[in-house]
Amino acid sequence: MVGSQTMQAVGHSVKWADPVDRLTIPPLPKEAINTNTEGRRTTGPVRGFGSLWRRTYAIRLVTSTATPAEVVRVWKERFASFWPSGGRYYGTDKPIEAGDVALLNLSGPAGVTIATGILVIYADDESFCFISAQGHMFGGMITFSAHDENGTPVAQVQALLRASDPLFEITVRLGIATKPEDQFWQGALKNLAAYFGVEGQPVSQQAVLLDSSLQWSKAKNLWYNAAIRNGLHMPVRWLRGQGA
Amino acid sequence: MSQPKVQIDVRSPAEGIRILDIRGEITASAEEALSAVSGTAGSDVRAIILNLSEVPSIDSLGAGLLITLLARVRKQRQRLLAYGLNEHCRHAFELTHLDEMVGVYTDEAEALGSF
């Protein structure tokens with residue numbers, strides 16, 4: 001495998017990506033907006049500004065006989081197709097693996113499309129993990145995994161998040177950023193469940209405030225704020241006839 | 001959920017310093033053990049050192065636990081250090097940027113020498 005470190009541990013193929021200095025976005029379709037991601041560095045909760053939260057979403061695939069590894073294999077293969085409306089994931093054509101970079105186009109306020117990115121930092125047979133790029137609203141790490149719970153496969157999204165900058169922290173505290181985030185991952189998990197023939201199953205959700213303090217040394221992340229940068233770029237796209 | 005695959009012993013080689021000798025993989029199953037031992041570090045503790053020389057691997061949820069531990073330690077105005085990282089663990093620290101806030105050393109003597 002190119003661009004990833006492979007090590008064996010307890011029967012799983014455990015992989016961390018090779019560290020990268022700056023992100024290089026894969027070839028994109030014409031409609032994709034890539035105004036604030038190419039060449040950016042990764043962030044994650046260590047480099048974030050706001051309070052540290054752990055948000056966990058899970059769905060029980062009650063009628064499925066799939067193993068956790070089968071659930072994650074499908075998730076890696078069809079990741080973009082499980083995204084709810086309001087977001088586009090532009091990754092590679094292959095199943096997700098450590099070292100992949102993807103562009104995200106997310107619906108923002110006032111019709112602005114927020115363009116940002118992620119790096120797949122880790123993948124094994126039963127999980128994979130993204131870390132966010134500079135400009136993303138969250139300095140975050142999100143692990144997608146599946147496990148067995150008394151014979152039932154459970155798919156889970158666990159996000160470790162700090163708002164990236166003071167502006168995004170305000171939106172978190174007002175609930176403006178977290179409500180869409182919650183709805184988004186609930187929708188993604190329901191779409192994944194539907195693929196396995198599971199309909200109408202609720203998504204459990206847990207939010208834990210791990211550290212209420214702010215990392216003021218990271219306030220300068222505001223410079224890369226994707227909402228501001230894409231908002232400023234929007235008139236240019238209108239003039240070019242490319243939409244928001 | 002997965003069974004615990006990690007064992008953590010605590011020792012104090014010097015006043016105000018706790019070393020956590022961790023044996024096994026650091027995964028989500030390590031949460032209880034890490035919380036328990038870090039919770040015992042009182043106000044007299046100024047640094048917690050992770051001995052990772054017997055940790056073969058860390059997965060992404062395990063890395064998340066270390067980020068949570070880092071936040072807790074910093075809130076108590078303590079330092080978090082680590083030593084004995086293999087190549088796998090070094091990758092994990094670098095990709096998650098833990099290495100920017102956790103002092104990483106080759107061995108115990110070097111870590112203790114940083115005080």
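**Note on the predicted two-chain model**

1. The secondary structure of chain A comes to 4 helices and 10 strands, where helices (H or I, at least four residues) and strands (E, at least two) are DSSP runs, numbered from the N terminus. Read from the N terminus on, the elements of chain A follow the order β-β-β-α-β-β-β-β-β-β-α-α-β-α. The radius of gyration of chain A is 18 Å, close to the 18 Å that the globule rule gives for 244 residues, so chain A is as compact as a globular protein of that length. Here the radius of gyration is taken over C-alpha atoms, and the globule rule is 2.2 Å times the number of residues to the power 0.38.

2. This is a predicted model, in which local features need pLDDT of at least 70, side-chain atom pairs count only at pLDDT 80 or more, and totals for chains, interfaces and linings use all residues. Residues are numbered from 1 along each chain as its sequence is written, while chains are lettered from A and ligands numbered from 1 in the order in which they are written.

3. Taken along the principal axes, the C-alpha atoms of chain A fill a box of roughly 50 × 40 × 35 Å. Of its 244 residues, 44% count as buried; a residue is buried if 20 or more other C-beta atoms lie within 10 Å of its own, exposed if 12 or fewer, and partly exposed in between, with C-beta atoms placed from the backbone. Two residues are in contact if their C-beta atoms, placed in that way, lie within 7 Å. Among contacts in chain A between residues at least 6 apart in sequence, 67% join residues at least 24 apart.

4. In helix 1 (residues 68-77) of chain A, the buried residues are P68(A), V71(A), V72(A) and W75(A). Seen down the axis of this helix, they fall within an arc of 95°, so they line one face of the helix; the arc is that of the directions from the helix axis to the C-beta atoms. An α-helix has 3.6 residues a turn, so residues three or four places apart point the same way. The cover over the buried residues of helix 1 includes strand 7 (127-132), strand 8 (138-149), strand 9 (152-163) and helix 3 (178-195) of chain A.

5. The largest nonpolar core has 100 residues, a nonpolar core being a set of buried Ala, Val, Leu, Ile, Met, Phe, Trp, Tyr and Cys residues joined through C-beta atoms within 7 Å. Those with the most contacts inside this core are V120(A), I121(A), A155(A), L189(A), I49(B), L70(B) and A82(B). Helix 2 of chain B gives the most to this core, with 9 residues. Not counting residues up to four places away in sequence, L189(A) touches Y57(A), I59(A), A155(A), V157(A) and V203(A).

6. At the interface, 23 residues of chain B are in contact with 27 residues of chain A. On the chain B side, helix 2 (60-75) and helix 3 (87-96) are the elements that give two or more residues, and the largest share, 7 residues, comes from helix 2.

7. E169(A) lies in helix 2 (residues 166-173) of chain A and counts as buried, with 20 C-beta neighbours inside 10 Å. Not counting residues up to four places away in sequence, E169(A) touches F49(A), G50(A) and A163(A).

8. N150(A) sits in the loop between strand 8 and strand 9 of chain A and is exposed, with 6 other C-beta atoms within 10 Å. H97(B), in the loop between helix 3 and strand 5 (103-105) of chain B, is buried, with 22 other C-beta atoms within 10 Å.
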